[in-house]
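This note sets out, in numbered points, what a reader new to the structure may wish to look at. Please keep the sequence and the model at hand while reading.

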Amino acid sequence: MAITLGPNQYGKAEVRLVSVRRDGPVHHLKDLTVSTSLRGELAATHLTGDNAGVLATDTQKNTVYAFAKEAPVGEIEDFGLRLARHFTSTQENITGARIKIDEHGWDRITVGGEPHDHAFSRAGDERRTTAVTIQDGRAWIVSGVDGLTLLKSTGSEFHGFPRDQYTTLAETDDRILATAVTARWRYRGDGIDWAESHREIRRLMLETFATKHSLSLQQTLYAMGEAVLEARGEVAEVRLSLPNKHHFLVDLSPFGLKNDNEVFYAADRPYGLIEGTILRDDAEDPGPAWDLH
């Protein structure tokens with residue numbers, strides 16, 4: 001039996017980083033989870049224990065903290081690019097880097113109608129994300145959002161689906177539509193105003209969810225991605241994952257009450273997961289942009 005080492009060896013580290021910018025009385029907070037994944041000529045450490053080409057995960061961790069001190073973190077895409085370019089340019093054995101960053105949002109606490117200078121509250125489960133890949137000197141950036149919870153109380157239908165002996169779901173022409181959006185979009189190049197792009201893409205997805213009269217969550221998914229590609233030329237493709245967070249009418253008839261689409265129970269299991277990719281016809285090959293996603 002022949003045993004060989006596969007082509008992809010990675011050294012990974014994960015860091016939780018909270019950075020406070022104290023330029024004056026108004027403080028600026030960044031709360032990040034940063035994952036570094038370095039690829040290169042690492043066969044020797046696996047096969048013989050020779051660590052001469054290994055950049056220790058301790059070094060990767062400390063680099064993240066040092067970079068946060070040496071310059072403002074800024075937008076997570078720029079921070080990821082700085083880290084990835086550093087690792088690939090300073091380490092002879094490292095031929096590629098993937099930096100994944102989740103940004104955990106905080107809002108300023110309002111005191112007397114004004115945002116407080118240095119007190120914050122956590123902004124729910126939503127996270128801004130990015131994954132920066134450097135390979136052979138070229139950069140790919142995939143950004144997105146996780147845990148964006150949406151609900152609309154009407155404007156959604158679901159009917160006309162096949163029925164067999166195992167089908168119990170009732171057809172409806174008026175239902176609650178709720179989901180928790182995981183969205184990823186691949187950028188065409190870098191040098192983009194990341195904050196403005198993220199803000200506008202998020203706005204487009206939310207407005208489309210709200211205004212699209214939906215005959216299925218699949219239709220809504222496509223409309224959300226289509227809206228982004230039509231309005232944002234810097235985006236090559238959008239990938240969406242939308243769990244259908246079902247809300248079922250409570251049967252109040254045993255109590256002599258009529259339920260006119262007013263009282264529901266929210267079921268966390270089971271649920272359907274709807275996923276799809278919306279891609280420009282002229283989008284270039286993604287290369288390693290989606291590796292490890």
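1. A salt bridge links aspartate 146 and arginine 127, with 3.0 Å between the closest N and O atoms; the term denotes a side-chain nitrogen of Lys or Arg within 4 Å of a carboxyl oxygen of Asp or Glu. Between domain 1 and domain 2, three salt bridges are counted.

2. Some remarks on the source are in order. The model is predicted: local features need pLDDT of at least 70, side-chain atom pairs count only at pLDDT 80 or more, and totals for chains, interfaces and linings use all residues. Residues are numbered from 1 along each chain as its sequence is written, and side-chain values use heavy atoms, with hydrogens and water left out.

3. The domain assignment places residues 8-135 in domain 1 and residues 137-287 in domain 2; such bounds come from an automatic or database domain assignment. To the contact, domain 1 gives 16 residues and domain 2 gives 18 residues, where contact means heavy atoms within 4.5 Å. The C-alpha centres of the two domains are 29 Å apart.

4. The size of an interface is often given as the accessible area lost when the parts come together. Here about 1400 Å² is buried between domain 1 and domain 2, and carbon and sulfur atoms give 47% of this area. Buried area is the accessible area (1.4 Å probe) that two parts lose on being put together, summed over both.

5. Polar contacts also cross the interface of domain 1 and domain 2: 13 residue pairs are found, both residues at pLDDT 80 or more. A polar contact is a pair of N or O atoms within 3.5 Å; within protein, one must be able to donate a hydrogen and the other to accept it, and residues adjacent in sequence count only if both atoms are side-chain atoms. On the side of domain 1 that touches domain 2, helix H3 (76-90) and strand E4 (114-135) each supply at least two residues. The largest share of that side, eleven residues, comes from E4. Helices (H or I, at least four residues) and strands (E, at least two) are DSSP runs, numbered from the N terminus.

6. Histidine 104 lies in strand E3 (residues 94-111). Is histidine 104 buried or exposed? Histidine 104 counts as buried because its relative accessibility is 9%; buried means under 20% relative accessible area, exposed over 50%, and partly exposed in between (1.4 Å probe, protein chains only). Its side chain makes a polar contact of 2.9 Å with that of threonine 33 and another of 3.3 Å with that of arginine 122. Residues touched by histidine 104 include Asp31 and Arg127, where neighbours up to four places away in sequence are not counted.

7. Valine 142 belongs to strand E5 (residues 138-152) and, at 1% relative accessibility, is buried. Its C-alpha atom is separated by 4.4 Å from that of arginine 186, 44 residues apart along the chain.
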